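Please look through the sequence and the coordinates below before reading on. The paragraphs that come after them are meant to be read with the structure open beside the text.

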Amino acid sequence: MSCDPTNNKMGNLNIEFKHFIDDNELYFGSDWDWDAVWFHQDYVNKSINYQYNIRRALYVLSDIILYFEDGSSQLLDDYFFINTDDPSTFYKSLDVPGVCSGISFRIGFSSENNIDNYYINDQDNFHSLMLWPNLNGVNLSFQGGYHYMKVEGKYLEDGESSFYNAHTGPINAQDYSILIDQLTFPATSSIVINVNLNNFFNDPLYDISLFGSAIMDNVDAQSTLSQNGTGIFSVEILK
Amino acid sequence: MILIYGCQPFLRQNNYDDNCNDDNLNFINLSYPSNFPNMIIPNNNPLTEEGINLGRHLFYDPILSTDNTISCASCHKQDNAFSDPSQYSNGVNQAIGARNASAIINPGWQLFFDWDGKSNSLEEQAVRPIFNDIELHNISWLEVISRLEESELYIELFCKAFNETYIDSNHIVMALSQFQRTLISSNSRFDQWLNGQVMFTQEEINGFNIYATERGDCFHCHPIGLFTDNAFHNNGLDSEFQDFGRYNITGLLVDKGSFKSPTLRNIEFSAPYMHDGRFATLDDVIDHYDFGGYDSPTVDPLMKYVGVGLFLSSQEKVDLKAFLLTLSDPSFINNPSFSNPFNN
């Protein structure tokens with residue numbers, strides 16, 4: 001189903017990632033007072049009904065497939081790393097053999113591609129920031145590879161703020177990555193992928209307070225988050 | 001405005017026009033473990049035996065300070081993993097710094113230098129202390145080069161390293177950087193355990209399990225391998241800041257009170273700890289994280305037990321410390337290739 005390389009019409013696909021909590025766009029890296037901004041606006045996880053903020057989000061999109069207006073498709077041999085501490089990672093530019101009209105991907109890496117130290121020389125400090133621990137047999141829950149996603153911040157419950165770290169990755173060699181179905185759009189060379197981070201937590205319910213601040217070895221928490229692929233990503237085109 | 005130092009090299013043609021056209025530079029390929037990334041080496045500053053040797057001499061020689069009293073090694077001592085056992089270091093005229101001198105361990109993999117990351121490369125970093133008032137206190141490259149030009153030793157070493165009949169400010173920086181890139185530590189007990197050469201004690205195993213899981217959660221900022229994430233964090237040292245750290249560089253409010261995660265390799269040798277050297281011992285450091293740290297608007301979410309604490313048991317603290325001590329690499333602090341060449 002891949003493109004015919006003998007009939008390549010080279011073009012570009014420029015992608016910008018924007019982040020939201022529902023309708024509220026997040027401007028990471030901007031010069032603002034995080035507590036004052038976040039906790040005084042209505043950024044509420046509606047299913048849980050308490051406020052939370054997102055201080056940073058880092059995530060991997062792999063198994064990226066581009067779909068073209070002529071019906072062909074192409075599996076990229078690269079992945080996207082988005083780090084809200086580094087807004088330069090919000091922009092991706094691809095050489096493509098046609099005009100794109102769709103994209104699908106996986107949040108995180110499949111087990112097949114989540115190999116210890118495999119991405120050690122990749123750009124944007126990916127390896128150091130996303131390494132999933134390998135305890136060398138001391139603790140079989142952690143056998144290395146890379147985080148899929150790290151979403152971190154504070155939540156308010158009964159007037160008290162606490163930190164949460166929603167870090168996902170493979171536990172006990174189990175794959176909790178999330179496949180995202182094709183997002184379609186009118187054929188174009190520039191798209192914006194809007195990421196509603198709130199929906200990491202909403203369908204099904206992920207209760208930050210219930211699961212606690214640290215969930216890397218919590219199978220129930222990982223399983224719940226792995227089912228939350230719906231409604232996170234949407235595409236708009238730039239004209 | 002007078003440009004004292006900057007991107008343009010300062011050089012002065014000299015009278016010594018002996019042949020420096022020996023093209024037989026001995027290029028060096030450093031070896032390091034497979035769980036280290038490729039070292040960052042600029043294309044215009046490949047490592048050579050001659051450049052490293054020059055850099056080693058410059059590193060240890062007080063000739064780089066304005067009054068010939070202070071060298072790089074005055075504050076970056078090999079016995080202490082190239083850090084300073086004093087909380088603050090003395091520069092020229094007994095000037096005292098405001099931060100603890102960073103350890104120099106595996107700098108060839110660092111993306112940022114100094115506690116606040118004000119330098120983005122070894123070459124950039126090497127310039128700063130030469131002109132810092134509280135360090136080597138020079139005013140211009142001219143005065144530095146003038147002192148070096150009076151030394152037959154350096155005329156010869158620069159000739160061998162860079163094939164030039166003049167001393168160039170860029171070459172000073174390049175040689176210092178080359179030497180520092182050789183300061184590789186990868187032969188700790190932990191490395192040997194990973195390679196199956198030694199067995200861990202039960203305390204060390206337990207400590208590793210605390211370190212590399214969210215029980216202790218040390219690994220996010222100090223991931224296995226280089227034991228630094230090459231990033232900046234406010235680790236809850238203060239609720240109000242005397243030193244704004246990374247904020248001084250970026251101007252972003254979110255960076256207030258953030259400092260670079262240092263490597264934990266050789267942490268046994270590099271006391272005192274934190275950017276201001278406030279903790280004298282590893283036990284103090286473990287107690288800080290066990291306490292959870294102080295809250296502030298910019299405290300890092302990875303410090304998720306702020307105000308709560310880790311509640312490590314006494315035995316867990318012993319275990320964690322036992323693991324941290326496995327990161328010691330005696331062959332690093334005793335490596336004769338890294339030692340003071342003037343003592344040989």
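What follows goes from conventions to the contact between the chains, and then to rings, a helix and charged pairs.

This is a predicted model, in which local features need pLDDT of at least 70 and side-chain atom pairs count only at pLDDT 80 or more, while totals for chains, interfaces and linings use all residues. Residues are numbered from 1 along each chain as its sequence is written, chains are lettered from A and ligands numbered from 1 in the order in which they are written, and side-chain values use heavy atoms, with hydrogens and water left out.

The contact between the two chains takes 35 residues from chain A and 39 residues from chain B, where contact means heavy atoms within 4.5 Å. About 2900 Å² is buried between chain A and chain B, and carbon and sulfur atoms give 59% of that area; buried area is the accessible area (1.4 Å probe) that two parts lose on being put together, summed over both. Between chain A and chain B there are 10 residue pairs in polar contact, both residues being at pLDDT 80 or more. A polar contact is a pair of N or O atoms within 3.5 Å; within protein, one must be able to donate a hydrogen and the other to accept it, and residues adjacent in sequence count only if both atoms are side-chain atoms. The rule for salt bridges (a side-chain nitrogen of Lys or Arg within 4 Å of a carboxyl oxygen of Asp or Glu) finds 2 of them across this interface, and Lys154(A) meets Asp295(B) in a salt bridge with an N to O distance of 3.7 Å. On the side of chain A that touches chain B, the elements that give two or more residues are helix H1 (34-38), H2, strand E10 (149-157) and strand E11 (160-168) of chain A, and E10(A) gives the most, with 4 residues. Helices (H or I, at least four residues) and strands (E, at least two) are DSSP runs, numbered from the N terminus.

Aromatic rings come next. Rings of Phe, Tyr and Trp (its six-membered ring) pair if their centres lie within 6.5 Å, with planes under 30 degrees apart counted as stacked, over 60 as edge-to-face and the rest as tilted; the count comes to 44 aromatic pairs over all chains. Phe81(A) and Phe126(A) form an edge-to-face pair, 4.9 Å centre to centre with 80° between the planes. Phe81(A) lies in strand E7 (residues 80-83) and Phe126(A) in helix H2 (residues 126-130) of chain A, so the pair ties together parts that are 45 residues apart in sequence. Buried means under 20% relative accessible area, exposed over 50%, and partly exposed in between (1.4 Å probe, protein chains only); Phe81(A) is buried at 3% relative accessibility, and Phe126(A) is buried at 0%. Both residues belong to a cluster linked by ring pairs, whose members include Tyr79(A), Phe109(A) and Tyr146(A).

Strand E7 of chain A also holds Asn83(A), which is buried with a relative accessible area of 6%. The side chain of Asn83(A) reaches the backbone nitrogen of Asp85(A) at 2.9 Å. Asp85(A) in turn forms a salt bridge with Arg55(A), the closest N and O atoms being 3.1 Å apart. Of these two, Asp85(A) is partly exposed at 38% relative accessibility, whereas Arg55(A) is buried at 14%.

In chain B, helix H5 (residues 152-162) has several buried residues, among them Tyr154(B), Leu157(B), Phe158(B) and Phe162(B). The elements that cover the buried residues of H5(B) include helix H1 (49-60), helix H4 (141-149), strand E2 (167-168) and helix H6 (169-181) of chain B. At the start of H5(B), a side-chain oxygen of Ser151(B) comes within 3.3 Å of the backbone nitrogen of Leu153(B), and H5(B) is followed by Asn163(B), whose phi is positive, near 60°.

The side chains of Asp217(B) and Lys304(B) meet in a salt bridge at 2.1 Å, N to O. Asp217(B) is buried at 12% relative accessibility, and Lys304(B) is buried at 4%. Another salt bridge joins Asp116(B) and Arg99(B) at 2.9 Å, N to O, and both of these residues are buried.
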